[in-house]
Amino acid sequence: MMFSTRELPSPSSLFSAYASMATSMMLVRSMTNDLIPYPIRGYLLSALRYLFKPPSPLLTLIIEESTGMARNQVYDAAETYLCTKVSPNTERLKISKTPKEKGLTIKLENGEKVVDLYEGVDLRWRFVCSANERNDPNNPIISRSIERRSFEVCFNKKDKEKVLDSYIPYILEKAKEFKDEQRVLKMHTLNCGQVYEGIKWESVNLEHPATFETLAMEPDLKRAVIEDLNRFVKRKDFYKRVGRAWKRGYLLYGPPGTGKSSLVAAMANYLKFDVYDLQLGNIMRDSDLRRLLLSTGNKSILVIEDIDCSVDLPDRLYTEGRKQHDIQIPVQLTLSGLLNFIDGLWSSCGDERIIVFTTNHRERLDPALLRPGRMDMHIHMSYCTTQGFKLLASNYLGINGYHRLFPEIETLISNTEVTPAQVAEELMKSEDADIALEGLVKLLKRKRLEGDELVNGVAQNENKAVIPEAKRQKLEMRCRKSARIAPAKVKICKEKAFA
């Protein structure tokens with residue numbers, strides 16, 4: 001059908017209609033601004049946009065690095081899994097490699113994307129890292145930059161159940177398999193830089209070469225420790241059945257240089273457990289201790305070295321007859337917080353964990369730390385014995401049989417207090433076995449002479465001698481061992497040692 005030109009409106013009438021409509025819209029807009037408050041207008045506009053905008057078919061999951069005080073297991077698994085799914089279209093990556101790792105470690109840079117396909121489901125990953133400025137609640141003047149890291153995975157909404165029920169467990173399992181293949185033990189230490197959120201763990205590769213084969217311990221004691229570790233890792237169901245947290249506590253005590261740290265490294269290498277070096281002196285509050293506990297992984301060894309002198313615990317100081325306001329203590333780490341960390345409710349947050357305390361003076365420890373259930377096994381790391389010497393001679397000098405100096409050395413060691421570290425230091429001074437062993441003989445004779453002079457000096461000057469604190473334990477052991485001192489003098493030595 002064709003329209004004649006007479007039926008078309010004139011340009012002037014069209015312009016008049018447009019002007020009238022524009023004027024009406026401006027009037028309505030002006031009335032709306034005057035009558036309807038701004039928050040309500042924003043709400044109405046959002047509602048209109050929601051009604052007229054077609055719903056998105058996509059769903060995005062946000063996987064943050066931590067959930068409260070604990071690390072997010074899905075985040076760690078995604079970080080490991082995605083490094084195997086990097087596409088050619090990725091523009092920026094972080095790579096690293098340590099001497100013990102088999103290949104490169106690849107991580108996504110901020111904003112980078114990875115596409116994954118799982119059973120016909122298209123999944124698009126993106127790594128997001130943002131920094132926020134926060135004030136320290138204890139010092140509002142100080143502000144710290146806190147990094148927030150997360151992964152975003154986007155997929156079609158109709159695949160939600162498959163992703164949550166199948167894909168996420170698949171990632172967890174694949175990440176576990178990959179970590180087991182690329183397993184490198186880690187040594188975790190405390191980072192005190194993050195003031196706002198407290199101290200956090202930082203890790204380096206644990207490359208300590210100590211093993212039970214190279215450890216200078218009594219064979220029976222070494223065998224008992226290995227059997228106890230094997231029994232612990234196999235009893236998950238037992239711990240659950242009896243209602244106890246799956247953990248084990250060890251107290252290593254003895255003089256310095258007897259191999260306490262080496263035993264911890266040997267335990268880690270034997271079990272393939274990471275080590276967390278917990279320095280109580282850097283912890284300000286019980287809440288920091290709980291946060292650190294929750295951020296440790298399973299299959300780990302938590303080590304607290306020199307527990308007798310690492311920190312003064314306030315609630316024990318108060319019970320000694322002094323009031324709280326008389327003591328200026330800058331920390332709020334308490335004995336009760338430490339005990340709760342060992343065997344209280346917080347100790348059950350995690351599986352297959354070992355807690356190791358070391359000390360040079362077991363008698364100085366608070367009795368509460370030694371009660372049953374806290375330190376399950378007490379291991380005395382003593383001075384070097386004849387068996388320990390033979391193992392060291394085999395390790396350092398390659399002597400697996402007999403040497404002409406062995407009888408003299410064994411006789412001296414049985415009556416002399418020398419640590420495995422001191423013996424090892426002498427054996428390292430020369431690759432010639434004769435020279436190294438002759439140097440060890442001289443060391444043992446010198447220490448034997450020093451011990452005799454100390455004991456005789458005490459016996460002859462029992463009313464004048466003042467024994468330094470560091471020599472009390474040594475003096476007591478020396479008095480017991482020396483067969484040349486009369487029983488009366490042994491009694492005198494003991495009284496001086498514990499005076």
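Modeller: Let's start with a loop: Glu-119 sits in the one between β6 (113-118) and β7 (121-136). Keep in mind that this is a predicted model.

Biologist: Why is Glu-119 called exposed?

Modeller: Exposed means over 50% relative accessible area. Glu-119 has 53%, so the label is exposed.

Biologist: And what is the phi of Glu-119?

Modeller: About 50 degrees, a positive value, although Glu-119 is not a glycine. For background, most residues other than glycine have a negative phi.

Biologist: Where is Lys-299 found, and what is its phi?

Modeller: Lys-299 is in the loop between α8 (286-294) and β13 (300-304). Its phi is positive too, about 55 degrees, and again the residue is not a glycine.

Biologist: What makes Lys-299 partly exposed?

Modeller: The label covers values between the buried cut-off of 20% and the exposed cut-off of 50%. Lys-299 comes out at 40%, and therefore it is partly exposed.

Biologist: Now the strands. Why does Ile-379 count as buried?

Modeller: Buried means under 20% relative accessible area. Ile-379 has 0% relative accessibility, so it counts as buried. The residue belongs to strand β15 (residues 377-380).

Biologist: Which residues does Ile-379 touch, leaving aside those up to four places away in sequence?

Modeller: Leu-221, Val-225, Tyr-250, Leu-251, Leu-252, Tyr-253 and Leu-263. Take Val-225: 154 residues separate it from Ile-379 in sequence, yet the C-alpha atoms are 8.5 Å apart in space.

Biologist: How do you know that Trp-201 is buried?

Modeller: The cut-off is under 20%, and Trp-201 has 15% relative accessibility, so it counts as buried. You'll find Trp-201 in strand β10 (residues 200-205).

Biologist: What does Trp-201 touch beyond four places away in sequence?

Modeller: Its contacts include His-188, Thr-189 and Leu-190, along with Tyr-276, Asp-277 and Leu-278. Leu-292, Ser-295 and Thr-296 are among them as well.

Biologist: On to the helices. How do α3 and α4 pack?

Modeller: Helix α3 (residues 73-82) meets helix α4 (residues 160-181) at an angle of about 65 degrees, and the axes are 8 Å apart.

Biologist: What makes the crossing of α3 and α4 left-handed?

Modeller: A crossing is left-handed if the near helix is turned anticlockwise from the far one by less than a right angle. The crossing of α3 and α4 falls in that class. On the α3 side, the contact includes Val-74, Ala-77 and Tyr-81, while α4 brings residues including Ile-168, Ile-171 and Phe-178. By class, the contact has eleven nonpolar, two polar and three charged residues.

Biologist: What lines the second largest pocket?

Modeller: There are 24 lining residues, and Leu-215, Thr-258, Gly-259, Ser-262 and Pro-420 lie nearest the centre of the pocket. Helices α7 (260-271), α11 (386-397) and α13 (420-427) each supply at least two residues of the lining. By class, the lining has eleven nonpolar, ten polar and three charged residues, and the pocket volume is about 450 Å³.

Biologist: Last one: how many helices and strands does the chain have, and how much of it is buried?

Modeller: The chain has 16 helices and 15 strands, and buried residues make up 37% of its 499 residues. Among contacts with a separation of 6 or more, 70% are between residues 24 or more positions apart.

Definitions and conventions:
Residues numbered from 1 in each chain as written. Predicted model: local features only at pLDDT ≥ 70, side-chain atom pairs only at ≥ 80, totals over all residues. Heavy atoms only, no water. 1 Å grid on protein atoms, 1.4 Å probe; cavity = no way out; pocket = protein on both sides within 12 Å on 5 of 7 lines; lining within 4 Å. Points joined across faces, edges and corners; volume = space filled by probe spheres on them. Helix = DSSP H or I, 4+ residues; strand = E, 2+ residues; numbered from the N terminus. Nonpolar A, V, L, I, M, F, W, Y, C, P; charged D, E, K, R; others polar. Axes fitted to C-alpha atoms, helices over the stretch in contact; angles between N-to-C directions. Contact = heavy atoms within 4.5 Å. Buried < 20%, exposed > 50% of the residue type's maximum accessible area, 1.4 Å probe, protein only.
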